[in-house]
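Subject: Structure for you, with notes

Hello,

Here is the structure we talked about passing on. My notes follow below it.

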Amino acid sequence: MSSNPPNPGRLPVLVNQATGQRHPISGPSLTIGRADDNNLVLPEDGYVSANHARIYWDQGWWWIEDLNSSNGTTVNDQLISQPRQLCPNDLIKVGRTVFRIE
């Protein structure tokens with residue numbers, strides 16, 4: 001990962017498409033899953049793995065990677081098998097939960 005921290009003025013926000021709840025990404029990485037040790041915990045979605053996905057800052061871009069989840073992670077309806085660069089308005093699906101990145 002890049003040692004240059006993300007610009008605080010450009011930190012993305014994940015918006016839950018079902019609830020409208022907003023989750024700012026306030027550090028260089030954010031983990032998503034059902035387990036309590038994740039930054040974004042989704043206990044109500046039984047299709048989300050304990051440690052499902054990670055969003056992180058590297059080389060001047062935000063990336064997402066699947067953490068060997070049972071049901072996979074999709075970006076814009078495409079299942080990812082390696083880290084993928086994120087862009088504004090991308091739709092990220094973990095389990096049955098869909099987020100839009102702003």
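How many aromatic pairs does a search of the whole structure find? The model is predicted, and in it the search finds one. The partners are W57 and W62: their ring centres lie 5.2 Å apart and their planes meet at 65 degrees, so the pair counts as edge-to-face. The cut-off for that label is over 60 degrees. W57 is buried, at 8% relative accessibility, and W62 is buried at 8% as well.

The charged end of R54 sits over the ring of Y56, at 4.1 Å from the ring centre.

Next, the nonpolar core. The largest one has 19 residues, and those touching the most other members are L14, I32, I55, I64, L86 and V94. Two or more residues each come from β3 (29–33), β5 (53–58), β6 (61–66), β10 (91–94) and β11 (97–101). The largest share, three residues, is given by β5. As general background, nonpolar side chains in soluble globular proteins tend to be buried together.

Leaving out residues up to four places away in sequence, I55 touches L14, I25, P28, S29, L30, I32, W62, W63, I64, L86 and I92. That list includes W62, one partner of the edge-to-face pair.

On the strands: six of them form an open sheet, in the order β2-β1-β11-β10-β7-β8, with antiparallel pairing. The edges are β2 (22–24) and β8 (78–79); each has a single partner strand, so one side of each is left without a neighbour in the sheet. β7 and β8 run antiparallel and are joined by two bridges. Across that pairing, V75 stands opposite Q78 in β8.

Last, a residue in β7. T74 lies in this strand, which covers residues 73–75. Is T74 buried or exposed? T74 has a relative accessible area of 17% and is therefore buried, the limit being under 20%.

Regards

Definitions and conventions. Residues are numbered from 1 along each chain as its sequence is written. This is a predicted model: local features need pLDDT of at least 70, side-chain atom pairs count only at pLDDT 80 or more; totals for chains, interfaces and linings use all residues. Side-chain values use heavy atoms; hydrogens and water are left out. Helices (H or I, at least four residues) and strands (E, at least two) are DSSP runs, numbered from the N terminus. Buried means under 20% relative accessible area, exposed over 50%, partly exposed in between (1.4 Å probe, protein chains only). Two strands pair if DSSP finds at least two bridges between them. Rings of Phe, Tyr and Trp (its six-membered ring) pair if their centres lie within 6.5 Å; planes under 30 degrees apart count as stacked, over 60 as edge-to-face and the rest as tilted. A charge sits over a ring if NZ of Lys or CZ of Arg is within 6 Å of the ring centre and within 35 degrees of the ring normal. A nonpolar core is a set of buried Ala, Val, Leu, Ile, Met, Phe, Trp, Tyr and Cys residues joined through side-chain atoms within 4.5 Å. Contact means heavy atoms within 4.5 Å.
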